[in-house]
Every structure is written in C-alpha cells, then in structure tokens.
Amino acid sequence: MAINAVKGTRDILAPEICNWTKYEEMARKLFRRYGFEEIRTPIFEYTEVFSRGIGEDTDIVHKEMYTFADRKGRSITLRPESTASVVRSYIEHRMDLQARVKRLFYIGPMFRYERPQKGRYRQFYQTGAEVFGSSHPYVDADTIEMVVRLLRDLGLTGLRVDINSVGCRECRPDYRSALQEYLSGHREELCEDCQRRMNNNPLRVLDCKVPGCGEVVKNAPSIQDHLCGGCLEHQHQVLHFLDVLGVTYQLATDLVRGLDYYTRTVFEVISEGLGAQNAILGGGRYDNLVKELGGPDVPAFGWALGMDRLMMVLGDRQLSTPDPTYFVLPIGNELAYAIETSVALKDAGHHAVVLAEASSLKSGLKQISKAGGRFAILAGESERERNILILRDMENSAQREIPVGDLLKEIENEIAE
Ligand SMILES: [Zn+2]
Ligand SMILES: [Zn+2]
C-alpha cells in the first residue's frame, strides 16, 4: 500500500512553490537592506530552550510541542517557533560582543501538534526578524515598517497594524492585580482554562477565543490606564516614528499576544482579506528574555510571520512569471543534435530539457503539451544538414525555421515580447 504524508503536513508543489521561492528571495533582499543577517538554527533543540523561552504555562509548551527522548534519553523538541532558538544562539555565540545592535532574520519550518484546519499545518513555515541590543523605540517602528513594506511589495492591500503596550516589570504587576480583581468578580462566566489562567497569568484571558470570556473581557480594565511613565513615553515615541515612516496603525488596547515574554510594544499586522483569524504576523518587544535564558541583560524586539497563511492570502496571484522551458525534441537519430542545442541554451541561462524518451514527433509533442510547455525546438536530420532548428509555439502550433546561430537572439526576443 502506498504511504501518504503525515496528517497535518503537506507537500508544496509547483506551481504554488514558485510563489514560495519568489517570496523568500524578496524577503532576503529586503531584510538585508535594513541591516539584517540571516540565521539558521537547528530545527530541534533541548526541550528546555522552549519551556523556559516560551513559558511553561502557554498552550504551545503545554500541549502543542513535538517532544521526544533521543537515544541517550535527552528530551528534544522540534521547534514550535524560533525566537527562543535565536536567543539561545545569540547567547551561545556571545553576539552581544560582536555588535551593539544585532539584527537577525530567519525563514524555515516550525512544528506544532495542533488540530489541522485550513491554513494551519503541523509543519508550518515562518519568517521572523529579531533585533538585539537596543531599547530605542525607533527599533520597534523600523522593524515593523520593514515587514509592512514586504507585504506591500507582495501586492497586499487592506493591511492594518494593531499596536499596544503590555507594560514592563514596573507597571504590569499593578495592572495584573487590577485585572485579577475584576476577573475574580466574573469567575463563573470564564471558561475552565481562563479560571486557571486568571491566577497564573490573567493577561492571557484577554486573548481567549471563547465567546463567554470575550464578553467578560469587554469591560475589563485597560492596560493603557496602568502604564508607567517610561512605558507611556516609549509607546508615544514608537507611534511617532511609525508616523515618520508613514505606517498607518491603530492603538488596539486589548491586544496582548499569547506569550509571556513580551514587554512594552506588542503588535499584529492584519490583512482584511483573511476573515476572523486574520493576523498574518505579530510580535513585540522582549527586553527580559535574553537575561532570563542565561544571557546578558540585552533588550530585544521581534516578529514572526506565518508563511502558509500569507500564501493563502496571495491566492492565485503570481509573484513572478517563470521563464519558459524549451523542450528540445530529437527527430529520428538526432539525439546528439538535440543535446548540443540544449547545452547552448543552458550555457546562455535558459531552461532547456531534451526529450530523449520521445519515440516520435507526435508522442514528443504530446509529452510537451502535457507538461504545459510553451515552446518546442525540433531537431531532425534535415535541420542539422541545413544548420537550422524549428521553433514551434505550442499555443498556436506555428512553426518557423531558425538558423542555429540566431537561436539565442530569437529566444530572447520571444521572452521580451
Ligand atoms: Zn512600565
Ligand atoms: Zn477563556
């Protein structure tokens, strides 16, 4: 019996893959313009990296990680996100000594055991950016503007930045107790998870998706009323720099993001085409995480973007038109002539495939049609003797003879048209 891909995973095939590779190319180029370097960490780490880095009381660590013991019995986890891995690497390689401000980006697969649904996979892909070493509000705005520009370059419209502050060590405890006090008055209306969260991490109640909890949250005290002077000033400056950079945003006072490590700025970018769960990406500032994971006291800011959903939003839109493939079809015993022709094409940077397995002109043309080929180049004995080739447009079956020496010129004209 044939074997299928594991539930919740999938193969990404042509033509969809063309948008993936084009997107990755665009992202890499753009991030370098902003001073970011690429980083590739392993897809698995010691489990501790994530349990300490993401927080024990999160859904991710609690029920979504692919964790297993390796052959020596060490607990290993497939990365469910990359920030913790990048921080681990930053600390391990003492990157704080390399540069005052270190800008890193990554692109790659992540793994979470979630209920598979449209646009959600157990192996999914993220692009992310992390900036270490600056607590300046300009860094928040600059790193947000970079990803908004990327989305705009991809042709997305209807984009909105929702932004909020979750406070700092100084002011959050104050808000936490105000929120706790409010929530304890509504205990019975909260879901089971939130009744637990209420004690350990009441902020997480704010982004619970259960409708009853949403009702309670509507009238909860706002963190905006509890921010300390430093956090208020930081937020003020971030919004100011977003204005300077021409990014439109909206202060979303109930936005808290699911993770423990955020301080001050949190944000999401919404695409209006996506419906209910419409954030394409989110992130924020995490000024304490590096130290908490055993590193130096270095502030940081970052975001992660879900590529699977981004590709869904792009839909049928093609980010690039792939160059045509020329199918060189030997007629009779002219395989060598066909090969020579394909080599000349490839030397000049074109895509060329020799149909060595075609048994006749007819079967060869059928094979090309099936593959969706636009152009066939016919290479037969009489063509070789006359030092020509026949270029056939598969769309309208028009054929013309081209002297071998003119082939590249002719093809470049075709492409330019
Ligand atoms: Zn504060
Ligand atoms: Zn709830």
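## The model and its domains

This is a predicted model, in which local features need pLDDT of at least 70, side-chain atom pairs count only at pLDDT 80 or more, and totals for chains, interfaces and linings use all residues. Residues are numbered from 1 along each chain as its sequence is written, while chains are lettered from A and ligands numbered from 1 in the order in which they are written.

The chain splits into domain 1 (16-167 + 229-314), domain 2 (172-226) and domain 3 (325-412), with bounds that come from an automatic or database domain assignment. Between the C-alpha centres of domain 2 and domain 3 there are 69 Å.

Axes here are lines fitted to C-alpha atoms, for helices over the stretch in contact, and angles run from 0 to 180 degrees between N-to-C directions. Helices (H or I, at least four residues) and strands (E, at least two) are DSSP runs, numbered from the N terminus. On the H2 side, Val49, Phe50, Gly53 and Ile54 meet Thr83, Ala84, Ser85, Val87 and Arg88 in H4; contact needs C-beta atoms, placed from the backbone, within 7 Å. By class, that's five nonpolar, three polar and one charged residues (Ala, Val, Leu, Ile, Met, Phe, Trp, Tyr, Cys and Pro count as nonpolar, Asp, Glu, Lys and Arg as charged, and the others, Gly among them, as polar).

There's also an open sheet of three strands, ordered S2-S4-S3 with antiparallel pairing; two strands pair if DSSP finds at least two bridges between them. Strand S2 (44-46) and strand S3 (67-69) sit at the edges with a single partner strand each, so one side of each has no neighbour in the sheet. Neighbouring strands are turned by 35° against each other on average, direction ignored. Helix H2 (residues 47-54) packs on this sheet, touching S2, S3 and S4, and its direction makes about 80° with that of S2. Three bridges join S2 to strand S4 (residues 75-78), and phenylalanine 44 stands opposite leucine 78 in S4.

## The eight-stranded sheet

A second open sheet has eight strands in the order S1-S5-S6-S11-S10-S9-S7-S8, with mixed pairing. Its edges are strand S1 (37-38) and S8, each with a single partner strand. Helix H1 (residues 16-33) packs on the sheet, touching S1, S5 and S6, and its direction makes about 160° with that of S5. Strand S5 (residues 102-111) and strand S6 (residues 123-132) run antiparallel, joined by 10 bridges, with tyrosine 106 opposite glycine 128 in S6.

## Aspartate 260

Look in the loop between strand S8 (249-251) and strand S9 (265-271) for aspartate 260. Aspartate 260 is buried, with 20 other C-beta atoms within 10 Å (buried takes 20 or more, exposed 12 or fewer, partly exposed lies in between, with C-beta atoms placed from the backbone). Not counting residues up to four places away in sequence, aspartate 260 touches Gly55, Thr58 and Asn201.

## The S15-S16 hairpin

S15 and strand S16 (residues 398-403) pair antiparallel over six bridges. They form a hairpin with four residues between them, and serine 397 in the turn has a positive phi of about 60°.

Terms used: Two residues are in contact if their C-beta atoms, placed from the backbone, lie within 7 Å.
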